[in-house]
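Subject: Structure for your review

Dear colleague,

Please find below the structure that I am handing over to you. My findings follow it.

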Protein chains: 4
Amino acid sequence: MADTIAVGVLGAAGKVGTAVCEAVDAAPDTTLVARVDKGDRLESLAEQGASVVVDFTHPDVVMDNLEYLIGAGIHAVVGTTGFDEERLDRVRGWLQTSPGTGVLIAPNFAIGAVLCMAFAQQAARFFDSVEVVELHHPNKADAPSGTAYRTAALIAEARAAAGVGPSPDATSSELDGARGADVDGVRVHSVRLAGLVAHQEVLLGTQGETLTIRHDSLDRTSFTPGVLLGVRNIASRPGLTLGIEPLMDLR
Amino acid sequence: MADTIAVGVLGAAGKVGTAVCEAVDAAPDTTLVARVDKGDRLESLAEQGASVVVDFTHPDVVMDNLEYLIGAGIHAVVGTTGFDEERLDRVRGWLQTSPGTGVLIAPNFAIGAVLCMAFAQQAARFFDSVEVVELHHPNKADAPSGTAYRTAALIAEARAAAGVGPSPDATSSELDGARGADVDGVRVHSVRLAGLVAHQEVLLGTQGETLTIRHDSLDRTSFTPGVLLGVRNIASRPGLTLGIEPLMDLR
Amino acid sequence: MADTIAVGVLGAAGKVGTAVCEAVDAAPDTTLVARVDKGDRLESLAEQGASVVVDFTHPDVVMDNLEYLIGAGIHAVVGTTGFDEERLDRVRGWLQTSPGTGVLIAPNFAIGAVLCMAFAQQAARFFDSVEVVELHHPNKADAPSGTAYRTAALIAEARAAAGVGPSPDATSSELDGARGADVDGVRVHSVRLAGLVAHQEVLLGTQGETLTIRHDSLDRTSFTPGVLLGVRNIASRPGLTLGIEPLMDLR
Amino acid sequence: MADTIAVGVLGAAGKVGTAVCEAVDAAPDTTLVARVDKGDRLESLAEQGASVVVDFTHPDVVMDNLEYLIGAGIHAVVGTTGFDEERLDRVRGWLQTSPGTGVLIAPNFAIGAVLCMAFAQQAARFFDSVEVVELHHPNKADAPSGTAYRTAALIAEARAAAGVGPSPDATSSELDGARGADVDGVRVHSVRLAGLVAHQEVLLGTQGETLTIRHDSLDRTSFTPGVLLGVRNIASRPGLTLGIEPLMDLR
């Protein structure tokens, strides 16, 4: 136990929180010391000796949670949504009074999804053409997915920064919608299919060759390795970290 | 030589005709006996003893070619385009006067493309969802491709015949075009990418499982095995055969 | 209710049986009338008016179940394993005394897996090369999977019947195992990867083109559509039916 | 013309050299000023004002070529094979006497292949499991391919450096070869299929998700964008550069 990281979980009774608790329990280098949910006292986190706390709660309570955690010098790994610049600034302010504390706020903990996006950005400027195909279960309300939209936007940005022109396209006769949606000049196609979960493919092509980067999320627990990555690294990153990518030290 | 099929090629000097000549030459059970092109006499085909003639010429001359071939009792394998019902009826008329002769007219000789279409039709009614993704080089003018359009229409037909309802789709917020084109209720997505040739994927999904049928055409010569299939089988199929599928005796 | 099929489930409390009950409940044309498990009386199935019974139980009890069901004129859809020729002959014997009753015994109810195999067999003789790649979670004990082994054997059989020679292979320097396992001349490759469930790809190739048939099973419930297919069709197929493929009326 | 790079090509009459000449001709920012082949005088390269020379010749002549080019202060982009440490040291020696000159020697100019390898290395330590599947035409003599072997070795190195253990694998019953070849603990599978060209897939998996990086080379000209990348960047990289990756400035 002496060598493991003492972890508390906020929102421990929720679906995601439960999966986090299981993952922390199962990992050899982390120990679950506190499960806190609605109605429980935040103070129990410090009392149980948590050095890192994972927060998958709700936008309504996450700011109070963070104020407490930072005040107590407890590092935080946050998957709760709803952070805008104003909220991030308040977190930065609290962190100034507790300079040794680290807070990670990430919109996506799926390591594969983050790498898919990072690699797409790195590769984008070397290929004449780039398109994104995302495939999800048919109950999804939005098309394209938020991740696909963001991936396309980042690709477009990387190409613009490198001075790469638009993907070639001689289409002169199109059945409405065939060529997909246009996100900053990058075509995005959304497939909805029973049996699927969440999948994304970035296709890049140039003279005689193509590169395909595909992420398949087959299971709701795919975020847990990313959460553990955060838990293991946040103590050595004081201040605010946005997204898990900086922790991944790519290249 | 005694056991090989004597083959003549019409349009022998063209790009496609050249590939056909090479394939006939290379196959152990066929012998190339005559190459005929613009300006050459059709009669040389009979004089050289061709028992089957392959025609990749032009809509302007193919009817004359067929009239000659059928009259001479030479079987024909035709990849030339431009056949409508009126033309097919004329061919059928000529065949009545030469009942032992076989004529195969096919829009697509790529065996993989034909099987992709056939399997999609067979499978369509067993899955809640079906979509088609086709991927081509960026010089293609039409989206979706003719093959993808036809595949989707055949899938829609098979589903209607089996009383299968529309694929489920909860999309309520769509960026224009993201969900692809709608061909009789089947969504079709067209990717255009440098480096690609011609590719098509039929995705079928139901509770907990998906089936994907993918055809990749990597090379302009992908039609030659289908032509040889025609050459080998047309003598035993008197009359008019449309498409290579009937020759494939699927199941 | 008048138009729905009255269904009983044997082994209703098991993991698979529970999923079958849910699927029968959810389908608009079937009604769950009886759940029977260890300790329950088989007679309740007839008493509750079941016209079809689904059996996912155990080799130790399935023969008693079938004797009862056939005697009572109840159609059976059986996913329980352990049937050898001797057992099948006993079932056939019982069916002779109840000629209107249908029994379906199937090793695999995943429609996609069955189609993948069927299409691979149909296509095998049209391509120079065929290989199978199966991909599973890393807890699987056998490599290749039973399904991949069977698929390869059926492909080999189809090619032999059509007189197709071996797939071309110029490999002269091989690192041990690189070219996979040899099942009757068909190469089979087994990938084991965390995150995967159960997947299989049949790759077929000829001059300039390839055809890929891929089945992805993402979820333990992927057998339920096949069970419902059995439930819906077994009444019109008196006698013994082996595998769901005959019910699928492919082409 | 004032703003374009003056390029000479050594081995200009060969298959590869011809493709390089065409690519240099077609690119808007490069001008082909000299084609040199066996029997031609190297001096014409300087006389025609070449500032960069591309060398796809033969191990027997490439060292003489380089000695001349470096002596003349002409930058070199070299795809010729056969460089060992001794040869590289001689090149480094010549470069010391011409410190402003850049020489790029690369075993692989296909940008997609290089990125596939680079991304596989970056991602390897974040996933429990990694395997490599390479797919080639059936005339290939070695299995696995050199690229796949190297990719697997680099993955193994990255995982070892990060302290990641072996990929989990519960296989207890294996048909010989099913699990592929073992390259430093990374399984590599080699598919040989008519119709294919050169393809490689790196599969990475962890809890509930997988990441797949796939490179498809569909055409012999897929090296030309990498050669142009070298031509455009080598002048600003004096000294010896090995592989195109350093020019790509990944992240």
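This is a predicted model: local features need pLDDT of at least 70, side-chain atom pairs count only at pLDDT 80 or more; totals for chains, interfaces and linings use all residues.

Overall description of chain A. The secondary structure of chain A comprises eight helices and 13 strands. Along the principal axes, its C-alpha atoms fill a box of roughly 65 × 40 × 35 Å. Chain A has 251 residues, and 59% of them count as buried. Its accessible surface amounts to about 9800 Å², with 48% of that area belonging to carbon and sulfur atoms. If one takes the contacts in chain A between residues at least 6 apart in sequence, 72% of them join residues at least 24 apart.

In general, a rotation about an axis and a shift along it relate two copies of a chain.

Chain D contains an open sheet of six strands with parallel pairing, in the order β2-β1-β3-β4-β5-β13. Its edge strands are β2 (30–36) and β13 (239–242) of chain D, each of which pairs on one side only. On average, neighbouring strands of this sheet are turned by 20 degrees against each other, direction ignored. At the β13 end, four bridges join β13(D) in the parallel sense to strand β5 (residues 102–105) of chain D. One residue pair there is Ile105(D) with its bridge partner Leu242(D) in β13(D). Helix α4 (residues 85–96) of chain D lies across β5 and β13 of chain D, and runs at about 145 degrees to β13(D).

An annotated residue, Arg35(A). Is Arg35(A) buried or exposed? Its relative accessible area is 53%, so Arg35(A) is exposed, the threshold for that class being over 50%. Arg35(A) belongs to strand β2 (residues 30–36) of chain A. An unreviewed UniProt entry places the feature "binding site" at Arg35(A). Leaving aside neighbours within four places in sequence, Arg35(A) is in contact with Val9(A), Ala12(A), Cys21(A), Asp25(A) and Asp40(A).

Yours sincerely

Note on methods:
Residues are numbered from 1 along each chain as its sequence is written. Chains are lettered from A and ligands numbered from 1 in the order in which they are written. Side-chain values use heavy atoms; hydrogens and water are left out. Two strands pair if DSSP finds at least two bridges between them. Helices (H or I, at least four residues) and strands (E, at least two) are DSSP runs, numbered from the N terminus. Axes are lines fitted to C-alpha atoms, for helices over the stretch in contact, and angles run from 0 to 180 degrees between N-to-C directions. Contact means heavy atoms within 4.5 Å. Buried means under 20% relative accessible area, exposed over 50%, partly exposed in between (1.4 Å probe, protein chains only). Accessible areas come from the Shrake-Rupley method with a 1.4 Å probe; for residues, only the protein chains shown count as cover. UniProt positions are given in the numbering used here, feature names are shortened, and annotations may be inferred rather than shown by experiment.
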